[in-house]
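Subject: Structure handover

Hello,

Here is the structure I promised to pass on. Please open it before you read the notes.

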Amino acid sequence: MKLLIRSVVLRFLKFPPDRHKTAEEIFHHLQNIVDFGKHIMNLFLGENCVHYGEVVQLPLEFLKRLCLKIQSERPESRCGKEMDAFSGYALCLPDLTRLQTYHFVEHRPTLCIEIKPKCGFLPSSCHITKKVKHKVCRFCMHQHLKVAKGKWKRISKYCPLDLFSGNKQRMYFALMSLLQETQNNLKIFKNGELIFGCRDHRDCVSDLNELAHHLKPFFFPANGLSSGLYCTRTVIKELIHALTMTLLSSSTTDNCRVGDMKSVTISQGRSYCDASQFSKELLRNGNHKTEGSGLPKGCILYKILQAQLLDMLDIEGLRSLYDRVEQYLEEFPKERSNLEIDGPYNETFYEKLKDLSTEDDGTVTYAVTKIHQYRVAMTAKDCSIMIALTPCLQDECPEQRCVVPTSKSRFVYSVSLLDLDLKPYENIPHQYERDSKIVNYYLKSLQAKEDQHLLDFYKENEDCTLVFHKV
Ligand SMILES: O=P(O)(O)O[C@@H]1[C@@H](OP(=O)(O)O)[C@H](OP(=O)(O)O)[C@H](O)[C@H](OP(=O)(O)O)[C@H]1OP(=O)(O)O
Ligand SMILES: Nc1ncnc2c1ncn2[C@@H]1O[C@H](COP(=O)(O)OP(=O)(O)OP(=O)(O)O)[C@@H](O)[C@H]1O
């Protein structure tokens, strides 16, 4: 749960009603979040993008009033957990809907586009038991289950592999699909206020004409564009162009160490997903080669993908390693802190993440290293990118690398990341079950679709079926 107070954001922990923690535990938990951002994600993703914030203490009276004030604003689907208003501790973060780089534009209008890209590769682990996982990405498979469960109304045409391809045509298709079906993967803010996307799973604002109306003064400040369908298309195109440029731009000035990790390759896996509408469209037009231009090293998508690729074994390969650690902890419960399952997140922890060998020597040390890497990868698979854009004049911003030009405008931008908390160790069995549910449901719906096609085929051909009778 996040609360916006002027230009900072206060972040509070949430817990199920019956599971309150002591103030000391909450302080430790929040400090761990800060340390993980500062010493681990910072190095993977770069200090310009990672804003880990600081733990602050607030008067309890203030928190009590705050809690009462915001309760009615919280989406119903999120109310299963209660905000911690008892410990007095919170995280203080910058407001990432605002530009993070240049402060001279602080009071200018700002657009911020939040994208939750999800997992951008197909796993190639030999532990995988269902072949479909090598061909169809997790996001596309999961769509079927989400729609069946009523989380979303329609299947999205967005496929993360298109966004992460680095190919501008595929990225255009991916971003357009996000705009058409935002789900929880795209939100747009104007001056810090949500103008497009879902606040809650039921509460969505996604009228492209209305969005174009908001965007027009940013992209066509001289107002030379009439309204209507043509205008909407033109403005949306400009937005997608600006987003593509920022997502592919490389930052050379941060401390990101993505280069010092032997980069994990995805060459064994393919770079396109069989379920992607873009690939299907190409195939339909007789083109059998889906282009992947590759991401420029140093761009935000490249860094996120590198962190995601730390999941080398897939949950199917990881499950038995988790059981190995659990068995060990059952015998030696005090060893949990030595295994550093709950931190500390420091340089030593980071160094361990660099061991990419997948030769299992049967030790608990090997198992724990792979688990740490998996948890970091899962974090990168669930984080969000915040792209803030503010118009700037021709003679402003001498550093061209922070400027994105569009047809009739020019923007300074900043790229930041959200939701970088390390995924809990305890979630692993749940991840395993969810994975098999997603895959099984997908296979079931594929089968049902095939059966239906066959049935339709027989129905269509009923009139001319030749039936042989025994004589
Ligand atoms: O498993 P996924 O891919 O559905 O991801 C979950 C997200 O669902 P999504 O598919 O993005 O709609 C899910 O997003 P929502 O809360 O549904 O918007 C959470 O981010 C969840 O993380 P956590 O368990 O709350 O830490 C995410 O769970 P983790 O798997 O990252 O733990
Ligand atoms: N530092 C920030 N600056 C601006 N907006 C933020 C910041 N942190 C979070 N947000 C906004 O708040 C939204 C919710 O954040 P997050 O998903 O981390 O919270 P949550 O724990 O799921 O909250 P809840 O369950 O109450 O919805 C984000 O999708 C983003 O739009």
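Predicted model: local features only at pLDDT ≥ 70, side-chain atom pairs only at ≥ 80, totals over all residues.

Residues are numbered from 1 along each chain as its sequence is written, chains are lettered from A and ligands numbered from 1 in the order in which they are written, and side-chain values use heavy atoms, with hydrogens and water left out.

**Ligand 1**

Around ligand 1 there are 13 residues (a residue is near if one of its heavy atoms lies within 4 Å). Arg 138, Lys 146, Lys 151, Asp 382 and Lys 423 come nearest. By class, the shell has nine charged, four polar and no nonpolar residues. Asp, Glu, Lys and Arg count as charged; Ala, Val, Leu, Ile, Met, Phe, Trp, Tyr, Cys and Pro as nonpolar; the others, Gly among them, as polar.

A polar side-chain atom of Arg 138 lies 2.7 Å from a ligand 1 oxygen. For Lys 151, the distance from a side-chain N or O atom to an oxygen of ligand 1 is 2.6 Å. For a polar side-chain atom of Lys 423, it is 2.8 Å. Taken alone, ligand 1 exposes 600 Å², and the protein buries 75% of that (Shrake-Rupley method, 1.4 Å probe).

Helix H3 (138–148) and H13 each give two or more residues to the shell. H3 gives the most, with three. Helices (H or I, at least four residues) and strands (E, at least two) are DSSP runs, numbered from the N terminus.

**Aromatic rings**

There are nine aromatic pairs. Rings of Phe, Tyr and Trp (its six-membered ring) pair if their centres lie within 6.5 Å; planes under 30 degrees apart are stacked, over 60 edge-to-face, the rest tilted.

One tilted pair is Tyr 322 with Tyr 425, at 4.9 Å and 40 degrees. These two are 103 residues apart, with Tyr 322 in helix H10 and Tyr 425 in the loop between strand E13 and helix H13. Both are buried (under 20% relative accessible area; exposed is over 50%, partly exposed in between; 1.4 Å probe, protein chains only).

Phe 36, Tyr 345 and Phe 349 form one aromatic cluster.

**Helix H6**

Helix H6 spans residues 208–219. Its buried residues include Leu 211, His 214, Lys 216 and Phe 219. At its start, a side-chain oxygen of Asp 207 reaches to within 2.9 Å of the backbone nitrogen of Asn 209.

Best wishes

Conventions
Polar contact = N/O pair within 3.5 Å; in protein donor to acceptor, adjacent residues only side chain to side chain.
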